[in-house]
Every structure is written in structure tokens, then in C-alpha cells.
Amino acid sequence: MITIKSEREIELMRQAGMLVSLMHKFIKPYIKAGITTKELDKLCEDFIISHDAVPTEKGYEGYPASICASVNDTVVHGIPNNYKLKDGDIITIDVVIGYKGYQGDAAWTYAVGSIDDDKKYLMEHTEKALYEGINMVRPGNRIGDISNAVYEYATKHHLGVVRELCGHGIGSQMHEDPDVPNFGNKGTGPLLKEGMCICIEPMLTFGERYVYMMDDDWTIKTDDGSPAAHYEHTVLVTKDGYEILTPRLED
Ligand code: MF3
Ligand code: CO
């Protein structure tokens, strides 16, 4: 079932989304060579809790941390650990924050120090693929219009589109209907209506699109070891378009 949010619920979704934006802004200056992903997780968790909010990922189907921290060839669901970031890495921080019963969800990929041109290209075009998808959000369009826009942009830029994972509806639950795949046909899938909230989240690779899951049953990596990037926003369908509920805040 796809939920339509009331004005009151939309306001709470905005507040949850703003906390996600503030947390990303908070953590960015810490993303430097030498810090461990576990230390980043602790900083994020403390930030969330000190804002009277809930780190929704922690305990979700047994997930052990408050953020996903996915480095280089890890596509998603990297569990924070004792790995020390090093110059030239890229890391995706993906977080879901609950506030007064509503959820915000956003991921971005960050550079650690100076990164090579391949990683720069991957990051730039993964973020742009997300905005291509977001641009299709308006009442009357369908989920397939978003999926197709993301896919066309990514493949035009020779990036691999991971198919095993997709975006999703969001509200009082972090995962609601509908699925929002990163590939598909225009004009197909559920119809977008004012008051729906969805997460659009391209996961793109610099090499082949194929991935595998590690023995921890969470970490998803690229088969060929190529780097992956992941950008995600929580988006509200408005009367004539969209509102990004997890805006990127200026430094
Ligand atoms: N934030 C992820 C998403 O975009 C979900 C994380 S799975 C969890 O859907 F286990 F880490 F919570
Ligand atoms: Co999501």
C-alpha cells in the first residue's frame, strides 16, 4: 500500500529529513584519513540521539550500527568497523533518522582527501543520475519514468547500474511501497500522487554492474572490485512537482 501523507505528516517528514541533512553536514568535516568508520558511526549516533531522534538503521533486521559506511568497492550496507580511511578513498554514508515517528533517509558519497579522476567522474555522474530521477517526480508521472531517467543517464555515462537494490517509499516506516528501481520503462509502474514520499537512490559502479554479498550478510561489494557511489534523497511529491526533504546544506 502506498501511503499519502497529510499536511501534519508532511511537516514531520520535513523535520526528520532536515535532521538527516544536518547530520550529513555535521559528519562531513570528520571524513578524513585516519578516522575509522566505527568512529564515524559513534559520532553520527551521538548526533542523532542528542537531537531526540532515533537511529532507525540500528537493530533493523539485526543491522548493528547507526549508519552504513561503504568504502570504495562496497556499494551499500558497509558495517562500520576498525578500517581507517585513507587518502584517495571514497565513502558513502547512508543514514535513516526517525523523528516523532517519521523517517528521513539520505546517502551521499564523500571523497577522502584527493581522489583519482575515475572516482571523481563516478561521484559526479552518480549524483547527477539522482537528480535526473528526481526531475521526473510530479503527479501523473509513474515510477518507471524515474527509473528510466536514472538508467538512461547512468548508461549514457558508461556506469554500471546495480539492479539488486532499489529505492523505496518512506513514511512512518523506512521501507514502504512502492519499490523505486534504477532501471525500467517509461510510463510503467505505480502512478505518482501528491503527498507520496519516496527515496530515489542510484547505486552506480565504475566497472561492471555485478555485486556480491559478504559473509556478514550485509556488505554488498562489486564483483570486479571497481568503486561504487550512491546518492539518495527523500522526496515528497507536491502538487506540481517535488520537494527534496533531505536537502544538501551548504558548508
Ligand atoms: N538506508 C538504506 C536505504 O536506503 C537502508 C539501510 S539498511 C539498514 O534503504 F539495515 F542499514 F538499515
Ligand atoms: Co533508502
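The views below come from a predicted model.

**View 1. The cobalt ion (ligand 2) sits in an irregular site.** Six donor atoms make angles of 48 to 174°. The donors come from Asp105 (OD), His168 (NE2), Glu201 (OE) and Glu232 (OE). They lie at 1.9 to 2.5 Å. Along the sequence, the donor residues follow the spacing D-x62-H-x32-E-x30-E.

**View 2. Asp105 and Glu201 link distant parts of the chain.** The two residues are 96 residues apart. Asp105 belongs to strand S5 (residues 102-111). Glu201 lies in the loop between strand S9 (197-200) and strand S10 (203-205). Asp105 is buried, because its relative accessible area is 3% and the cut-off is under 20%. Glu201 has 6% relative accessibility, so this residue counts as buried too.

**View 3. Strand S4 (residues 90-99) is mostly covered.** Of its 10 residues, 10 are buried. In a regular strand the side chains alternate between the two faces of the sheet. Ile90, Thr92, Asp94, Val96 and Gly98 point one way from S4. Ile91, Ile93, Val95, Ile97 and Tyr99 point the other way.

**View 4. S4 pairs with strands S1, S2 and S5.** S1 (residues 54-55) is antiparallel to S4, with two bridges. Here Val54 stands opposite Gly98. S2 (residues 68-71) also runs antiparallel to S4, joined by four bridges. Ser70 faces Thr92 across this pairing.

**View 5. S4 and S5 form a hairpin.** The strands are antiparallel and share 10 bridges. Ile93 has Trp108 as its bridge partner in S5. Two residues lie between the strands, and Lys100 in the turn has a positive phi of about 45°.

Methods: Residues are numbered from 1 along each chain as its sequence is written. Chains are lettered from A and ligands numbered from 1 in the order in which they are written. This is a predicted model: local features need pLDDT of at least 70, side-chain atom pairs count only at pLDDT 80 or more; totals for chains, interfaces and linings use all residues. Side-chain values use heavy atoms; hydrogens and water are left out. Donors are N, O and S atoms within 2.8 Å of the metal (3.2 Å for Na, K and Ca); water is not among the atoms, so sites may look incomplete. Four donors count as tetrahedral if all angles lie between 85 and 135 degrees; four count as square planar and six as octahedral if opposite donors are over 155 degrees apart and all others between 65 and 115; anything else is irregular. Buried means under 20% relative accessible area, exposed over 50%, partly exposed in between (1.4 Å probe, protein chains only). Two strands pair if DSSP finds at least two bridges between them.
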